[in-house]
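Please keep the sequence and the three-dimensional view at hand while reading.

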Number of protein chains: 2
Amino acid sequence: MGEERSGNLGEFEFIRRLRQRELNRLHSRRNTPTPDTRHPAPILGIGDDAAVIRHRAGFDTVVTADLLVEGIDFELGTGGATARDVGHKALAVSLSDVAAMGARPTMCLLSVGVTRERWRARFLEEFYEGVGPLAERYGVSVVGGDLSRTPERVVVDSVVLGEVRKGRAVLRSGARAGDQIFVTGSLGGAAAGLRVLRERAAGPRLKRAGQGLVKRQLRPEPRVEWGRLLCEEKLATAMIDLSDGLSSDLAHLCRESGVGASVEAESLPLDPLLKSLSLTETESLSLALDGGEDFELLFTVAPRRASRVPAELGGVRVTRVGEVTDDPSRLTLVREGRARPLRPRGFEHFGDRRR
Amino acid sequence: MGEERSGNLGEFEFIRRLRQRELNRLHSRRNTPTPDTRHPAPILGIGDDAAVIRHRAGFDTVVTADLLVEGIDFELGTGGATARDVGHKALAVSLSDVAAMGARPTMCLLSVGVTRERWRARFLEEFYEGVGPLAERYGVSVVGGDLSRTPERVVVDSVVLGEVRKGRAVLRSGARAGDQIFVTGSLGGAAAGLRVLRERAAGPRLKRAGQGLVKRQLRPEPRVEWGRLLCEEKLATAMIDLSDGLSSDLAHLCRESGVGASVEAESLPLDPLLKSLSLTETESLSLALDGGEDFELLFTVAPRRASRVPAELGGVRVTRVGEVTDDPSRLTLVREGRARPLRPRGFEHFGDRRR
């Protein structure tokens with residue numbers, strides 16, 4: 001119905017309806033018997049000048065923000081993302097940060113800037129259709145945010161709050177020499193998906209395999225369950241999510257922990273879909289090490305506890321990829337028995353790197 | 001020194017220094033005897049995938065987000081804002097939201113997108129020079145955020161968290177018929193300042209008076225102390241900050257409370273600087289009612305408690321401007337003894353309104 005479209009509503013009315021939907025959802029959930037771990041932090045107010053949140057005793061709060069800009073962090077339209085993809089990914093990248101702290105995500109605020117044309121074309125409805133299922137899956141409530149007009153580009157700032165048992169958040173700084181390094185899932189798929197998107201015209205043969213990789217780029221899955229398990233079982237000594245690329249993110253972790261690391265090239269869990277792209281071994285390795293946006297978790301485990309790390313969780317495996325060393329900030333890649341320096345070549349907005 | 005400039009640093013290094021500065025500041029503050037109400041919520045981590053926050057028992061958290069877009073919400077350069085102004089205002093508008101809940105702001109996350117040119121031109125350093133003094137004044141720590149490149153425009157999403165005694169947040173929904181309506185400070189100055197900025201070429205006679213109004217537009221002062229007092233003394237039954245304009249914001253409050261309101265035109269505290277602009281009475285009234293961005297607080301007080309509202313606090317006065325009525329959502333303006341409907345004509349990004 002026309003009157004349900006944002007293009008024909010003022011923004012206040014749009015926000016009012018969004019909020020009513022969220023309140024209805026919260027209400028119906030409260031009246032449904034669900035595990036009591038699902039919604040411990042009651043949301044007392046949505047749609048006031050600020051949202052009001054009550055915390056559980058014995059828990060700390062974690063909070064993270066991720067800014068995504070059209071033309072830089074994503075493209076819309078042909079060879080790019082849909083509004084739904086953007087909604088999914090904006091929330092996913094922040095959920096991934098919360099997962100990397102070992103925390104349980106509880107709520108989010110989404111600030112979205114859109115052009116008048118996209119507002120009229122129902123961008124926001126579709127954006128929230130991408131947010132909804134992911135938020136629902138992890139029990140996350142949309143409690144606020146902002147809406148602005150932009151002259152040219154869509155921008156989204158996604159803020160996610162989570163909770164973690166008091167003093168138990170997994171930081172980047174806890175890795176010690178001898179700790180074993182693990183990653184969840186597989187690597188290089190998201191960067192390869194970006195390449196497929198950019199070379200869509202390259203050839204129909206790639207189409208099918210390409211689709212899987214494109215999904216890795218546009219619909220990343222945050223490793224929330226893994227993060228919580230690694231925290232609750234006190235397995236991870238340090239953790240970070242792979243957003244910039246393993247080579248950069250491991251460097252961040254090592255810097256914070258005052259340690260070095262040695263990574264075994266042969267052990268890296270390359271995304272199986274990479275095979276379809278007829279890349280050289282070095283190209284695949286580079287995607288896995290420097291590609292970024294896989295949103296897998298990289299974590300370290302004390303050697304005596306390494307055997308307790310389960311092989312997989314909910315269909316997502318983990319792989320041991322190396323070891324922490326005591327040489328501060330020195331990263332090494334071992335390939336075919338030869339060690340060479342592993343340099344951070346992941347994504348940086350203002351570095352002299354790609355994009 | 002060149003190496004201190006963001007333009008010559010990678011973003012990781014810039015963020016690392018920013019964080020170090022914040023940690024130093026937090027540390028020095030902890031070792032300084034300050035009233036213990038100032039920093040009750042220790043920040044356990046900055047610069048990890050997410051910030052970690054510990055809450056005080058007996059307090060709720062409030063959280064708000066405000067998105068500001070260059071070319072829509074502010075202009076840069078001649079006839080516009082400096083990077084410092086943008087830093088100040090981005091934080092101020094979110095502090096104002098927290099103030100409107102009666103809460104004490106504690107920390108913020110700032111997500112900023114800038115072009116490569118502005119990055120090189122030290123936009124971010126100056127932006128944070130605008131954030132810093134305001135954050136310091138209210139004891140707010142910068143605990144996170146994000147940094148992205150943008151193709152054309154600066155965008156800022158400002159997220160502020162605050163704390164308020166359990167169950168005591170002042171909502172928009174608590175106004176009852178008979179309550180007296182008050183506003184802090186003065187009205188219309190920010191909108192007049194925007195006009196001055198846009199007509200800078202109009203005439204040098206305006207310059208001096210214009211400067212004061214421009215400051216109201218570019219450097220709004222959040223009414224944090226007023227918000228806290230009204231909450232702690234249980235004076236305000238409902239509250240909202242004046243961001244869109246009194247006519248729109250009062251309508252929001254009335255809608256949430258299921259009430260109407262009558263406003264007396266003669267009682268509205270017009271910004272004294274408006275006099276310098278040789279406006280008609282109707283023009284001044286329109287700026288005060290519909291101009292927006294004054295970031296004053298509008299609040300309602302039960303009649304028997306209205307006399308307890310102090311006349312001023314920290315140099316900022318309050319003025320009684322009208323009364324809540326029991327006619328849901330009907331807003332009336334009384335001017336020279338005649339009542340007429342008061343229509344919401346404040347700012348809306350996607351309405352058919354100005355801008």
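Is Phe127(A) buried or exposed?

## A first residue

Phe127(A) is buried, with 25 other C-beta atoms within 10 Å, where a residue is called buried if 20 or more other C-beta atoms lie within 10 Å of its own, exposed if 12 or fewer, and partly exposed in between, the C-beta atoms being placed from the backbone. The residue has its place in helix H4 (residues 123-137) of chain A. Here helices (H or I, at least four residues) and strands (E, at least two) are DSSP runs numbered from the N terminus.

Leaving aside the neighbours within four places in sequence, Phe127(A) is in contact with Ala83(A), Val86(A), Gly87(A) and Val112(A), two residues being in contact if their C-beta atoms, placed from the backbone, lie within 7 Å. Phe127(A) and Gly87(A) are 40 residues apart in sequence, yet their C-alpha atoms are 4.5 Å apart in space.

## Basis of the model

This is a predicted model, in which local features need pLDDT of at least 70 and side-chain atom pairs count only at pLDDT 80 or more, while totals for chains, interfaces and linings use all residues. Residues are numbered from 1 along each chain as its sequence is written, and chains are lettered from A and ligands numbered from 1 in the order in which they are written.

## Chain A and its domains

Chain A has nine helices and 14 strands, and of its 355 residues 54% count as buried. Among the contacts in chain A between residues at least 6 apart in sequence, 85% join residues at least 24 apart.

An automatic or database domain assignment gives the bounds by which chain A is divided into domain 1 (2-165) and domain 2 (172-341). Where these meet, 18 residues of domain 1 of chain A are in contact with 22 residues of domain 2 of chain A. On the domain 1 side, helix H2 (83-100) and strand E4 (104-114) of chain A each supply at least two residues, and the largest share, ten residues, comes from H2(A). By class, that side of domain 1 has nine nonpolar, five polar and four charged residues; Ala, Val, Leu, Ile, Met, Phe, Trp, Tyr, Cys and Pro count as nonpolar, Asp, Glu, Lys and Arg as charged, and the others, Gly among them, as polar.

## Enclosed helices

Seven of the ten residues of helix H5 (residues 189-198) of chain A are buried, so this helix is largely enclosed by the rest of the structure. The buried residues of H5(A) are Gly189(A), Ala190(A), Ala191(A), Ala192(A), Gly193(A), Leu194(A) and Val196(A).

In helix H9 (residues 281-290) of chain A, the buried residues include Ser284(A), Leu285(A) and Leu287(A), and the buried residues of H9(A) pack against H5 and helix H8 (246-257) of chain A. Just after H9(A), Gly292(A) takes a positive phi of about 80 degrees.

## How the two chains meet

The contact between the chains takes 57 residues from chain A and 57 residues from chain B. On the side of chain A, the largest share, nine residues, comes from strand E3 (residues 59-69) of chain A, and that side has by class 26 nonpolar, 14 polar and 17 charged residues.

A rotation of 180 degrees with 0.0 Å of shift along its axis superposes chain A on chain B (RMSD 0.0 Å), the copies being superposed by least squares on the C-alpha atoms of residues with pLDDT of at least 70 in both. That is the relation of a two-fold axis. The same surface serves both copies, since 100% of the contact residues of chain A recur in chain B.

## Strands across the boundary

Two strands are said to pair if DSSP finds at least two bridges between them. E3(A) and strand E2 (residues 51-53) of chain B pair in the antiparallel sense over three bridges, and Val62(A) has Val52(B) as its bridge partner in E2(B). In turn, three bridges join strand E2 (residues 51-53) of chain A to E3(B), again antiparallel, with Val52(A) opposite Val62(B).

Within chain B, E3(B) and strand E6 (residues 155-165) pair in the antiparallel sense over eleven bridges, and Asp66(B) stands opposite Ser158(B) there. Eleven of the eleven residues of strand E3 (residues 59-69) of chain B are buried, so E3(B) is largely enclosed by the rest of the structure.
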